[in-house]
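Thanks for coming. Please have the sequence and the 3D view open while I talk.

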Amino acid sequence: MKRLLEIEFIKLWNSRSSRILIISYFALLSLISILTTIDFSFGKIQFRLAEQGIFNFPYIWHINTFIAGVLKIFIAIVIVSMMSNEYSNKTLKQNLIDGLSKKEFVLSKFYMVVVFSLISTIFIATVTLILGLIYSDYKTASIIFTDTEFLLSYFVKLVGFFSLCLFLGMLVRKSAFALGFLFIWYILEWLFFGLLNYVLPDNSEIPGKIFKFLPIQSLSNLIKEPVSRFNAVMTLANQVGEDLTRDYTTHWYEYTIVIIWTLFFLFFTYITLKRRNL
Amino acid sequence: MKTILTINNLTKKYGKLTAVSDLSFTIEKGNVYGILGPNGSGKSTTLGIILNVVNKTSGDFQWFNGTTTHQALKKVGAIIERPNFYPYMTAQENLKLVCKIKEVPESKIEEKLKLVGLWERKNDKFKTFSLGMKQRLAISSALLNDPEILILDEPTNGLDPQGIHQIREIIIQIAETGTTILLASHLLDEVEKVCTHVVVLQKGIRLYSGRVDQMVASYGYFEINAEDQSKLTSLLNNHEAFGNISHTKSGVLNVILTQDINAEDVNKYLFENGVIVNHLVKKKESLEEKFLQLTSQQS
């Protein structure tokens, strides 16, 4: 495993474009802290985000992992283009000739994805902890460590998403097409959802139930949108008489769905490579 | 003798097209093998299969008495068609990566880069190299693990005369160290110069397999001419030592020998029967002629 990681690291780190993308990814992650300085002013109303409670523990775990999750597209670009470069430079072929097995090739990419997701998780945990300790109104240990399971959701989400990218990169071979395909996949899931809603009678629960099993939707179910949980929004909603109490926790079956998809992508990445003549 | 590779009834089909058909041969340690065939004869496909990058349709092959292919490949050095490296990495970084894959110490890099004369360029990016340098880097990379067998697919393709010469020198140098070599080429003189054994392929079918010197081993042929060509022809037809007679472009007759006979005896036989020759040369067939002969029988 160490050998496979070293191989992948040499490939990744010596490429200037992926180095720049990775560095900017982490730079952007730390820029979440800039949110603290945002000042809105609507006429006489001063609105400072940091003072509205978004950096309160435990809420901060939720919002930070959610925002950081959006940035993963940067790494998706790196993964997909690394894979397509292996094809266009024919280095994939050369790697196999040099004695890497097809299984090892796929595993080396997957290990990299896991390690990367881990680093990203640790990074976001550190940033969140620091921001929280500076701005949170509540700083007792029990509150600080409430909801840290969002970090687990974040990790599983990244691994799942990057595995999907690996699979698309292997299947499509051209980075631009693979990213386009990812986007189309996303749209198709929503179209499918809309179609089900259209076909089935109103208020049917079936579309929602099926929808959460689709790969991209299951990934976003791991960290549900945090905005409606925000104090200010809640207060506002209460005033207009809307009840926004929702279930924000991630359930075991939601993890299971994503883990199954991850294994599925990993397996089909391998099968695709195995059946291909290079 | 130690067997390095055994191929049994190997077949590869791409849809309707059969690229390799029922191919069998063995590679023994210490010899230099050539796979000879025109473009599209299945050379690269065969190499692709034994190197684990092309999936076979049927048949089988075995490395070193049965180790798995991916383990076996760590004892093999191979270059396929074009040198494939990461363009954004330097020569040394690329070789470092290969060391990791082949599980050999990085200390080998200096030795092998010096062997192909690229040590001074070790910190230059691969994409800045000329084709000849890329090919030499590929050879040094293939040698990193001191392979038991070196597989080269068209190693001089696209190179200029100096490049071709450099690569051949390196190959001969490697062959002298006792490394088994398998060289695929459509260049006959290349195979004739470096190989001891040859497999001739056409349209995926094996036409010949054996020693190079035995392939060209025949009684040779005569180039012969006289004023009275018809009488000459009938005289030759009546003698048991002569086989097929054909006209060359220059009007001279080409007569294949079916047994050993020297020019003196031929001259004497014809003179005694009233034909005076004005052209008489005994020739040995080259590999090229033999190759064309073999491949023309098929097509």
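Which residue forms a salt bridge with K108(B), and how far apart are the closest N and O atoms? The partner is E111(B), and the closest N and O atoms are 3.8 Å apart. A salt bridge here is a side-chain nitrogen of Lys or Arg within 4 Å of a carboxyl oxygen of Asp or Glu.

Before going on, some conventions. This is a predicted model, in which local features need pLDDT of at least 70 and side-chain atom pairs count only at pLDDT 80 or more, while totals for chains, interfaces and linings use all residues. Residues are numbered from 1 along each chain as its sequence is written, chains are lettered from A and ligands numbered from 1 in the order in which they are written, and side-chain values use heavy atoms, with hydrogens and water left out.

Back to K108(B). Both K108(B) and E111(B) sit in helix α4 (residues 108-115) of chain B, three residues apart, which is about one turn of the helix. Helices (H or I, at least four residues) and strands (E, at least two) are DSSP runs, numbered from the N terminus. K108(B) also forms a salt bridge with D146(B), where the closest N and O atoms are 2.6 Å apart. That pair links distant parts of the chain: K108(B) is in helix α4 of chain B, and D146(B) is in the loop between α5 (131-143) and β6 (149-153) of chain B, 38 residues apart.

Are these residues buried or partly exposed? K108(B) counts as partly exposed because its relative accessibility is 22%. The same label, partly exposed, goes to E111(B) at 43% and to D146(B) at 42%. Buried means under 20% relative accessible area, exposed means over 50%, and partly exposed is in between, using a 1.4 Å probe and protein chains only.

Chain A has a pair to set beside these. K109(A) forms a salt bridge with E8(A), with the closest N and O atoms 2.7 Å apart. This pair also links distant parts of the chain, K109(A) being in helix α6 (residues 102-135) of chain A and E8(A) in helix α1 (residues 2-13) of chain A, 101 residues apart. K109(A) counts as buried, because its relative accessibility is 5%. E8(A) counts as buried too, at 3%. Over all chains, the count comes to 22 salt bridges.

Now the place where the chains meet. How many residues of chain A are in contact with chain B? There are 28 from chain A, in contact with 26 residues of chain B; contact means heavy atoms within 4.5 Å. The size of an interface is often given as the accessible area lost when the parts come together. Chain A and chain B bury about 2600 Å² between them, with 55% of it on carbon and sulfur atoms. In chain A, I97(A), D98(A) and N277(A) lose the most area to chain B, together 24% of what that side buries. Buried area is the accessible area (1.4 Å probe) that two parts lose on being put together, summed over both.

Across this interface the rule finds one salt bridge. E6(A) forms a salt bridge with K100(B), the closest N and O atoms being 3.7 Å apart. K2(A), E6(A), K100(B) and E106(B) are linked in a network of salt bridges.

Last, chain B as a whole. Its mean pLDDT is 88, and 98% of its residues reach 70 or more; pLDDT is the predictor's confidence in each residue, from 0 to 100. Confidence in chain B is lowest in helix α11 (residues 287-298), at a mean of 75, and highest in helix α3 (residues 91-102), at 94. Chain B holds eleven helices and 13 strands, and its C-alpha trace spans about 75 × 45 × 35 Å along its principal axes. Of its 299 residues, 51% are buried.

One buried residue to look up is G34(B), with a relative accessible area of 0%. G34(B) lies in strand β3 (residues 32-36) of chain B. Leaving aside neighbours within four places in sequence, G34(B) is in contact with L183(B), V191(B), C195(B), H197(B), V198(B) and V199(B).
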